[in-house]
Amino acid sequence: MSSFQIVSASRHQRTRVITDYHASLGDSLMYTQTFPLEFRDIQSCYPIFFIKDPDSGQFLATALFGFEAEENLFLNNRSWDASYLPMMIRRQPFLIARQGVDPASPENTQPVISIDMDHPRVNESQGEQLFLDNGEPSVFLQEAIELMKNIHRAHQHNENFQQALLKYDLLESLNLDITFNNGSKKSISHFYSINESALYNLAGDALADLNKQGYLQPLFMAIASLSRLRPLIDRKDRP
Amino acid sequence: MNDPIIKIVIVGGGSAGWLTAGIIAAEHCISKPASSEGFQLTLIESPDISTIGVGEGTWPSMRNTLEKIGISETDFLKSCDASFKQGTYFKDWATGKGDTYAHPFTVPHRYADINLAPHWLAHTERPSFAEAVCPQTQLFSERLAPKQITTPEYAFNVNYGYHLNATKFAAMLKRHCIDILGVEHIEATVTEVNASENSDIESISTDRTNPISGDLFIDCTGSRALLLGKFYGIPLQQKSHILFNNSALATQVAYPTEDAPIESCTLSTAQQAGWIWDIGLSNRRGVGHVYSSEHTTEDEASVDLINHIESLTTTAYAKQVSLRKLTFEPGFRQKFWHKNCVAIGMSAGFIEPLEASALVLVELSAAMIAEQLPARRSIMDIVAKRFNEKFLFRWERIIDFLKLHYVLTKKKQLPYWSDNLIGSSVPDSLKEAIELWRYNSPWHYDTRQVDELFPSASFQYVLYGMGFKTLSSHTERKTEQNAAKLASGLFQENAERAAKLKSSLPSNRELINKINTFGLQKI
């Protein structure tokens, strides 16, 4: 269950957020959503695959952490063993809400930062304070606000990305058949990746269109990210 | 003689004409006149003659057909008010006292390897045949969809066809044929068919164009059969002595609310002298009573239909519906392809829509023409001969299969139903098959051609749905002993698969709403 509250000094003076990474803090994730704006950083650590949102059938880009539900091979002794953490991981337990005179019409609302009070990171004894004793926002909270702004921007940039992928037939379905060192096999379906030959066969106009929208670089980053698959298998194989 | 086939002329719009145009145009490189790389395809449609606009159920084959034509399934579902059809559900056919059975689009579990029918028959405590052997059947009662929003276009979790608005379907195909596939569209009414010296059709005169010439003419003029019937005089072979239904009353019934559930299959409810169809589109039902005018009157038939509609809605609603009357001569032409003219759709034949065979015959006819399109006039007669053999066989098989639905009834007190049991009304081929099925359950040897319309599994669903008994063999067979060991495990597997599907599939209404919002993905 989630219970979101708009962050305010009066209400959250004593609230603290644990910044470790651990299964008990909700980090046992097989993957998380990622955005083309961060593909460059993501591909240095994680393979990027596309999956369909089960509620809408729309494509989502995801960074892969493991090979089965609730398996996160980057969790290690209360830390996250990677040089870059996806925005959607770092954002926990915050979310952007919209506040305004008329919540039904988005143009009259302001994005505001809210916090999930039921999140296992949220407590009053350990972790980073949201507000200093004088009521000023802490550096931690200021960074979180900055991150939420970046996520907001990444969402907007992502909006037409999926349309562009479909328009140019740049996705193809993929079945991953993986054999681990111990001989066990894993077959993962329902994954999609960038169709490289379709990308290389795009005409100049299409490439210019993708480049203008800032989508060309992320496409190549997504392709490059697949070389992170082998290191991820190796993580699983580590004794 | 230089006799290449270049120009194809389809006479008549409607579902048959435009579906045929789409199938042929999608297979061939169609060129507008004045270019010479491909065939030319022209469709003449009369703005003064309206299409019949019924035929709202398809087979699963329609998915493949639409995909080949190049239509997006999302666009199709939205523009034709379409929904998913997973089979037919029959009520009151055996005893008339609330009996039901299902004919799902999925063959029994592991059908290729094992015939489960004898093993189902051997049990006394058991679910219905269709439920025991096919997971799809259990989706019907909960009105579940055959797929999820994440399932790509035209792919499925369980096999399905469609319910659709036939008028909107023809309009959608027409736009696609003209805008995308390069079909030439001429709006004019045919006034005369002009023959050449060798009795081929040379051209078609119309009320507002110069005569339209062609190398192959496709007659999609509906029951008028202007070319094959009226011009060439190829007679209709009447089948009303086998299948008595020759009239229908049709109407549309609104859903009580926008969110009302949509059925997963066509509902077919037996009446005194015919049966009522109930087809759930996304925005309304199509309901109609098809009956034999020899056995009931139009007034009685409308009372039965109104009563049925009342059971779906309210008394006040049922009182105000307006019914549209259709009559037809059940039967098919002595041949379908004569000289350089081939008939598709109602011009070729028409039979009651009990198993929705009308559109699938259009698909199959057009597909064979598209593939076998003779390069030259000199070989056309060979293609025509093969086409006629194949489709005469198919029509005979349809007649047999539809008749099978009637001959197992126990409602002997009603004249219509008892007349259906009279020996002279049952084709010999069907009598013979039923005699055989008393001892041998239908299986692969009952599918006599590779591309048979109804697989032997369909015979099983109808036979055992209607309470037919195949006697167990009086001697031991090794294959059956082995199969008996497998069978109980397979019944269990089927039940598990059904439970899994039930928990993962959305309702038809929910899926259609989602498709309207998000669309289905192509991959």
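**View 1. Buried residues of helix H15 of chain B.** In H15(B), the buried residues are Ser456(B), Ala457(B), Ser458(B), Phe459(B), Gln460(B), Tyr461(B), Val462(B), Leu463(B), Tyr464(B) and Gly465(B). A residue is buried if 20 or more other C-beta atoms, placed from the backbone, lie within 10 Å of its own. Helices (H or I, at least four residues) and strands (E, at least two) are DSSP runs, numbered from the N terminus. This is a predicted model, in which local features need pLDDT of at least 70 and side-chain atom pairs count only at pLDDT 80 or more, while totals for chains, interfaces and linings use all residues. Residues are numbered from 1 along each chain as its sequence is written, and chains are lettered from A and ligands numbered from 1 in the order in which they are written.

View 2. Just after H15(B), Gly467(B) takes a positive phi of about 90 degrees.

**View 3. Contact of chain B with chain A.** Chain B contributes 7 residues and chain A 9 residues, where two residues are in contact if their C-beta atoms, placed from the backbone, lie within 7 Å. The chain B side has 4 nonpolar, 2 polar and 1 charged residues. Ala, Val, Leu, Ile, Met, Phe, Trp, Tyr, Cys and Pro count as nonpolar, Asp, Glu, Lys and Arg as charged, and the others, Gly among them, as polar.

Note on methods
A residue is buried if 20 or more other C-beta atoms lie within 10 Å of its own, exposed if 12 or fewer, and partly exposed in between; C-beta atoms are placed from the backbone.
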